[in-house]
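Thanks for asking me to look this one over. My notes follow as numbered points, to be read with the model open beside them.

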Amino acid sequence: MANNYPFIPYKRAYITGEEMLSKSQAYYQWMDERRTVRDFSSEPVPREVIENIIMTASTAPSGAHKQPWTFCVISSAELKTQIRAAAEKEERISYGGRMSDEWLEDLAPIGTDWQKPFIEIAPWIIVVFKRSYELVNGKKRKNYYVSESVGLAAGFLLAAIHHAGLVALTHTPSPMNFLCKILNRPANEKPILLIPVGYPAEDATVPDLARKTKDKVMVFYE
Ligand code: IYR
């Protein structure tokens with residue numbers, strides 16, 4: 001080994017090509033069923049489920065293994081009301097002129113507007129914060145590839161939510177600094193996503209969108 005830090009053996013169960021093919025196919029089909037949902041049921045979800053989902057997200061790789069994320073989890077009705085009001089205040093301005101016509105045109109098929117009732121309806125709201133640095137003995141110690149790392153963790157989070165049979169919305173109220181204040185976060189943390197999690201409403205609908213096909217998303221060099 002090139003250094004004196006401990007390394008431990010790592011082994012995976014050997015999987016044959018055939019088994020791999022069926023597993024990879026099944027997982028693709030399963031993940032392809034995931035949809036971003038905006039219509040939530042208020043049915044409660046056990047806190048332990050949310051804890052497992054977040055610990056799954058926290059298995060994501062990160063720059064220098066700094067794990068530069070904090071997941072704030074809100075079920076308090078009072079806080080949800082405050083967050084909804086603050087998000088809608090910003091979104092009303094965004095939809096009312098801060099976003100370009102082109103942007104609004106691109107969002108039209110998705111059917112979003114400034115109103116964010118899901119923030120109060122969903123049983124849990126997870127706010128994902130990135131930590132650009134850590135304070136070690138009062139000194140700033142920077143993290144690396146922070147956006148990439150936290151983006152990866154958010155992807156793991158969405159997969160875990162889907163796996164648990166729940167739905168989520170990756171909401172980005174903009175600007176979202178109000179969350180630092182409401183949730184009383186330290187200066188090294190910046191919010192990047194607000195993710196309501198729960199069961200879908202019984203009458204939930206999603207836009208009729210298609211995903212890009214094989215030939216549009218990959219290029220092989222063999
Ligand atoms: N932040 C707004 C607008 C919005 C932007 C994009 I890009 C979306 O994919 C969806 C919405 C909102 O959350 O409504």
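What share of the contacts in the protein with a separation of 6 or more comes from residues 24 or more positions apart?

1. Overall contacts. Please keep in mind throughout that this is a predicted model. To take up the opening question, residues 24 or more positions apart account for 80% of the contacts with a separation of 6 or more.

2. Architecture. The protein has eight helices and six strands. Reading from the N terminus, the elements follow the order α-α-β-α-α-α-β-β-β-α-β-α-β-α. Along the principal axes, the C-alpha atoms fill a box of roughly 55 × 50 × 40 Å.

3. Surface and burial. Of the 222 residues in the protein, 34% are buried. The exposed surface comes to about 15,100 Å², and carbon and sulfur atoms supply 54% of that area.

4. On the surface, D101, E102, E105 and D106 gather in a patch of negative charge. One of these residues, E102, sits in helix α4, which spans residues 101–107. With a relative accessible area of 60%, E102 is exposed, because that value is over 50%.

5. The salt bridge between D32 and R211. Side chains of opposite charge can pair when their charged atoms come close. The structure holds nine salt bridges, and one of them joins the side chains of D32 and R211, with an N to O distance of 2.8 Å. D32 lies in helix α1 (residues 17–32) and R211 in the loop between β6 (189–198) and α8 (214–217), so this pair ties together parts that are 179 residues apart in sequence. Both ends are partly exposed: D32 has a relative accessible area of 34%, and R211 has one of 42%.

6. Buried or exposed: how do R131 and E189 count? The side chains of R131 and E189 meet in a salt bridge at 2.6 Å, N to O. This pair links distant parts of the chain, with R131 in strand β2 (residues 124–131) and E189 in strand β6, 58 residues apart. R131 counts as buried at 18% relative accessibility, because the cut-off for buried is under 20%. E189 also counts as buried, at 1% relative accessibility. R131 and E189 belong to a network of salt bridges that also includes E134 and R185.

7. The pair E90 and R98. Another salt bridge joins the side chains of E90 and R98, at 2.9 Å from N to O. R98 counts as partly exposed, with 42% relative accessibility.

8. The surroundings of W114. W114 is placed in the loop between α4 and α5 (118–121). Leaving aside residues up to four places away in sequence, W114 touches E88, E91, R92 and Y95. The C-alpha atoms of W114 and G96 are separated by 8.5 Å, while the two residues are 18 apart along the chain. At 25% relative accessibility, W114 counts as partly exposed, because the value falls between the 20% and 50% limits.

9. Backbone details worth a second look. Most residues other than glycine have a negative phi, and most peptide bonds are trans. Against that background, H65 has a positive phi, near 50 degrees, and Q67 has a positive phi of about 50 degrees. H65 is found in the loop between α2 (47–57) and β1 (69–74), and Q67 is placed in the loop between α2 and β1 as well. H65 is exposed, with a relative accessible area of 56%, whereas Q67 counts as partly exposed at 31%.

10. The cis peptide bond. Which form does the peptide bond from S174 to P175 take? The bond is cis, with omega near -5 degrees. P175 is in the loop between β5 (167–168) and α7 (178–182).

How values were computed
Residues are numbered from 1 along each chain as its sequence is written. This is a predicted model: local features need pLDDT of at least 70, side-chain atom pairs count only at pLDDT 80 or more; totals for chains, interfaces and linings use all residues. Side-chain values use heavy atoms; hydrogens and water are left out. Patches are made of residues with over 30% relative accessible area and no salt bridge: like charges are joined within 9 Å, nonpolar side chains (Val, Leu, Ile, Met, Phe, Trp, Tyr) within 5 Å. Accessible areas come from the Shrake-Rupley method with a 1.4 Å probe; for residues, only the protein chains shown count as cover. A salt bridge is a side-chain nitrogen of Lys or Arg within 4 Å of a carboxyl oxygen of Asp or Glu. Lys and Arg count as positive and Asp and Glu as negative; His and the chain ends are not counted. The place of a charge is taken as NZ of Lys, CZ of Arg, CG of Asp or CD of Glu. Helices (H or I, at least four residues) and strands (E, at least two) are DSSP runs, numbered from the N terminus. Buried means under 20% relative accessible area, exposed over 50%, partly exposed in between (1.4 Å probe, protein chains only). Contact means heavy atoms within 4.5 Å.
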